[in-house]
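Biologist: I have a structure open on my screen and would like to learn how to read its features. Could you take me through some of them?

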Amino acid sequence: MHNDSSGRIVADLREWIATAPPGAKLPSTRALVAEYGASPVTVQKALRALGAQGLVESRPGVGTFVRAVRVARPHDYGWQTAALGAPPHRLPRLSAALRTTPNDVIALHSGYPDRELLPERLVRAAFGRAARGDSAVGRPPAAGLPELQAWFANELATETPLGVTPPSPGDIVVFPGSQSGLNTAFRALVGAGRPLLVESPTYWGAILAAAQAGVRTVPVPSGTHGPDPEALARAFAQTGARAFYAQPHFANPTGARWTPGLADRVLDLVREHGAFLIEDDWAHDFGIDADPVPLAARDDQGHVVHLRSLTKSVSPAVRIAGLMARGPARERILADAQAEAMYVSGLLQTVALDVVTQPAWRTHLRSLRHQLAARRDVLLGALWEHVPAAHVETVPQGGLNLWVRLPDTTDLPRLVADCESSGVAVAAGGEWFPAEPTGAYLRLNYSGPNPGAFPEGARLLGRALARQKAR
């Protein structure tokens, strides 16, 4: 009598299938039960395993047969090339910051905070309440829920100095995330083929949005203290640009925070040239040693278009952002937004508003500040200890990232690959430059999972870099 385990039956039948012609019928279940002295359940389990492996196929009422081998053939999509034509512009690849990694990899590359830094309890409770309300089935206004518009406007109004008219709720347009807001702002305020001044380096998503809109980006050198105002003035004069995209607080990737003097100089230049400043306030909730004061709060002439996202600070599942614009610019932005998506999910808007209006939201932000500070300092200390050749150009006062300069001789693609093979994921800095990179950089995220592994990640990075120097 044979062993009655399904594994033995599978092994024997695999040998038989290997020499049988396609379409050959396997012995019946009854015959296999008798041959192996196994139960019908065991035999059926073995046949299901062979089916899952693609070796056999069952025909109800007829029997089980050896599956015919299907030879894979390449698909010819050449016709699509002719139908689509050449793209008007090359789109950048999606950032490495969006890539998922296995749980055992030390993730220093991500662009999103770890779950333990999110107000998960508030978010879950908000979804439960929203699901029982009208927003679960109703259609919201195109510009956003009035209550959420009012919240975004009030956040700016609290920072508005005397003598400046604060924004009103009607100045706000709600978007499904800041990326959608950037796409619309670039299309509506700049337009295809026209110049857009951008800091260099800058957020890779802004580079992608500009490419999608067909906008021509003009890099303006920007360091750890912000853009060079003289270079910005020359760029305005030489290009005739009517918009400048910037991140005045905790810039991604550099961590730069503009001084009040630089902010005044940039605002003067924008007004002088009759232009827009598209202010990306992405890290408003991620202050550590300083609190951001948006430039939009200091402008009531419609020059500053302010974009604030809640996606990273509330939840990646709650893609909600508010864009503030005044005058005809706001009408153009709203018209483009309606053409793109008609309206933003009322359910998600309700959840976002619920979370940020809870008393526990402010408590969460205070705790988040301390957690980010601790993580930042752990990663900084590990880099100083294990990667002495690396230079952190500034200790950011907020945000989620360190901007790390490596020796100019670094083979960055090989370094990234060597790190990943060792178990640590890092993001090469080249994708944050709108033109050629000006050096070998890494952007390392200190808000990712498992901060206890940061020292090991830095050690692996240092070892990979040392191997290059030794060759």
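Biologist: Where does Pro-201 lie?

Modeller: This is a predicted model, and here Pro-201 sits in the loop that runs between strand S5 (195–200) and helix H8 (204–213).

Biologist: Which other peptide bond is cis?

Modeller: Go to the bond from Asn-252 to Pro-253, which is cis with omega near 20 degrees. Pro-253 belongs to the loop between strand S8 (243–246) and helix H10 (260–272).

Biologist: Let's stay in that loop. What is phi of Phe-250?

Modeller: Phi of Phe-250 is near 55 degrees, a positive value in a residue other than glycine. Phe-250 is found in the loop between S8 and H10.

Biologist: Is Phe-250 buried or exposed?

Modeller: Buried counts as under 20% relative accessible area, and Phe-250 has 1%, so Phe-250 is buried. Asn-450 also has a positive phi, about 55 degrees, without being a glycine. You will find Asn-450 in the loop between strand S16 (440–445) and helix H16 (454–470).

Biologist: S16 brings me to sheets. How should I read one?

Modeller: The general idea is that strands of a sheet pair through backbone hydrogen bonds, either parallel or antiparallel. In this model, an open sheet of four strands has the order S12-S13-S16-S15, with antiparallel pairing. Strand S12 (391–392) and strand S15 (427–428) are at the edges; each has a single partner strand, so one side of each lacks a neighbour in the sheet.

Biologist: How many bridges join S13 to S16?

Modeller: Six bridges join strand S13 (residues 401–406) to S16, and the two run antiparallel. To find your place, take Leu-406, which stands opposite Ala-440 in S16.

Biologist: And which helix packs on the sheet, touching S12, S13 and S16?

Modeller: That is helix H14 (residues 359–386), whose direction makes about 15 degrees with that of S13. Helix H15 (residues 412–422) lies across S13, S15 and S16, and runs at about 35 degrees to S16.

Biologist: Last topic: cavities. How many of 30 Å³ or more does a search of the whole structure find?

Modeller: The search finds one, and about 70 Å³ of space lies in the largest cavity. Helix H6 (146–157), strand S10 (304–309) and strand S11 (321–324) each give two or more residues to its lining. Among the lining residues are Phe-152, Glu-155, His-306, Arg-308 and Met-324. By class, the lining has six nonpolar, three polar and two charged residues.

Definitions and conventions. Residues are numbered from 1 along each chain as its sequence is written. This is a predicted model: local features need pLDDT of at least 70, side-chain atom pairs count only at pLDDT 80 or more; totals for chains, interfaces and linings use all residues. Side-chain values use heavy atoms; hydrogens and water are left out. Buried means under 20% relative accessible area, exposed over 50%, partly exposed in between (1.4 Å probe, protein chains only). On a 1 Å grid over the protein atoms alone, a cavity is a set of points where a 1.4 Å probe fits but cannot get out, and a pocket is an open set with protein on both sides within 12 Å along at least five of seven lines; lining residues have an atom within 4 Å of a point. Grid points are joined across faces, edges and corners, and a volume is the space filled by probe spheres set on the points. Ala, Val, Leu, Ile, Met, Phe, Trp, Tyr, Cys and Pro count as nonpolar, Asp, Glu, Lys and Arg as charged, and the others, Gly among them, as polar. Two strands pair if DSSP finds at least two bridges between them. Contact means heavy atoms within 4.5 Å. Axes are lines fitted to C-alpha atoms, for helices over the stretch in contact, and angles run from 0 to 180 degrees between N-to-C directions.
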